[in-house]
Amino acid sequence: MSNFSCKLFDNLILKSPLILASGISGNSDGLLVRAAKSGAAAVTTKGVTLKYQKGAENPVSTDWGPGLITNLGLSNPGIESMAYMIKTFRNEMGDQTIPIFVNIHGESAEEYAEIARLIAPSHPDLLEIDLPFPDETLAQEITHAVIENASGIPISVKISADYPKIGQLAKVIEDAGADAISAINSMKGLIVDAYAAKPFLSSGVGGISGPAIKPIALYCISEIYQAVNIPVIGTGGVLTGLDMAEMMMAGATIVGIGSALYYSGYGAFSQTMNEFETFMKSEGYQSASELVGKIWR
């Protein structure tokens, strides 16, 4: 295998296309370090808000068979603690330079702007805007607001499949100045406990992730890849190296895994990369970049 390295931006080259996605394991510097030392080429924090949020009461997650459904209630330490986490992560990694991406979540363009302004001095390698509003105008406003306050830090906007014209939404975000698109976020769902006659999760509705959403993620990434000229960070149901290759062929430049850690633990990084390398060798590919968008070329 001659080349696993992957250029996300001109000034950001990863050792491989496989990263830790936001969500399942990113609420402490210790877990981020564990992911990095397990093979993640970059790590993404869990979504952070302006202030500390306790989160939802249990139960907050369950494995319903085809996938997971989760609603943690945006539990996170707040932006000031996140700045400390970034510093601690880098200190613990030492000479092992692994990029850290920070996923941010606000309730308005002004709140996103304030979060970006406060986290910018910590110099994360990328800010990932967790966009809960599938609305083109708001997406544009929020993207502009974050860019104006991010002090030149690259911006990716994470969108969900809820928007029916996801390629069009991605294009609006690109035109607003984003450097990348992250897709897809978890999808809303509901699991009912028939014996208790109530929703299983304490918050009722949750986000579906894992294998159940992979075909939807592949479709959305394909739509986005064909609509924009900026990199796509692909997430959604990747459990194996073959899943990873499929997502890159659909248009992802790099691929994030999250639910895979639930199924396989932190060994998911080495396992996925080993399977990916086996596929690449068997099919005669010389570099990971050859796969990106291949089904559309």
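**Loops, helices and a pocket**

Colleague: Hi! Between which two elements is the loop where His-123 is found?
Modeller: Helices here are DSSP runs of H or I with at least four residues, and strands are runs of E with at least two, numbered from the N terminus. By that scheme, His-123 is found in the loop between α3 (109–119) and β8 (126–130).

Colleague: What should I know about the model, and what phi does His-123 have?
Modeller: This is a predicted model, where local features need pLDDT of at least 70, side-chain atom pairs count only at pLDDT 80 or more, and totals for chains, interfaces and linings use all residues. Residues are numbered from 1 along each chain as its sequence is written, and side-chain values use heavy atoms, leaving out hydrogens and water. Most residues other than glycine have a negative phi. His-123 is not a glycine, yet its phi is positive, at about 55°.

Colleague: Are α5 and α6 roughly parallel or oblique?
Modeller: Axes are lines fitted to C-alpha atoms over the stretch in contact, with angles from 0 to 180 degrees between N-to-C directions. Under 35 degrees counts as roughly parallel, over 145 as roughly antiparallel, 65 to 115 as roughly perpendicular and the rest as oblique. Helix α5 (residues 166–175) packs on α6 (residues 214–227) at about 45°, with axes 8 Å apart. That angle makes α5, relative to α6, oblique.

Colleague: Which residues of α6 does α5 meet?
Modeller: Contact means heavy atoms within 4.5 Å. From α5 come Ile-166, Gly-167, Ala-170, Lys-171 and Glu-174. In α6 they meet Cys-220, Glu-223, Ile-224 and Ala-227.

Colleague: How much space lies in the largest pocket?
Modeller: On a 1 Å grid over the protein atoms alone, a pocket is an open set of points where a 1.4 Å probe fits, with protein on both sides within 12 Å along at least five of seven lines. Points are joined across faces, edges and corners, and the volume is the space filled by probe spheres set on them. For the largest pocket, that comes to about 1,200 Å³.

Colleague: And which residues that line the largest pocket are closest to its centre?
Modeller: Lining residues have an atom within 4 Å of a point, and this pocket has 45 of them. The largest share, 3 residues, comes from β14. Closest to the centre are Thr-70, Asp-130, Asn-185, Ser-186 and Gly-207.
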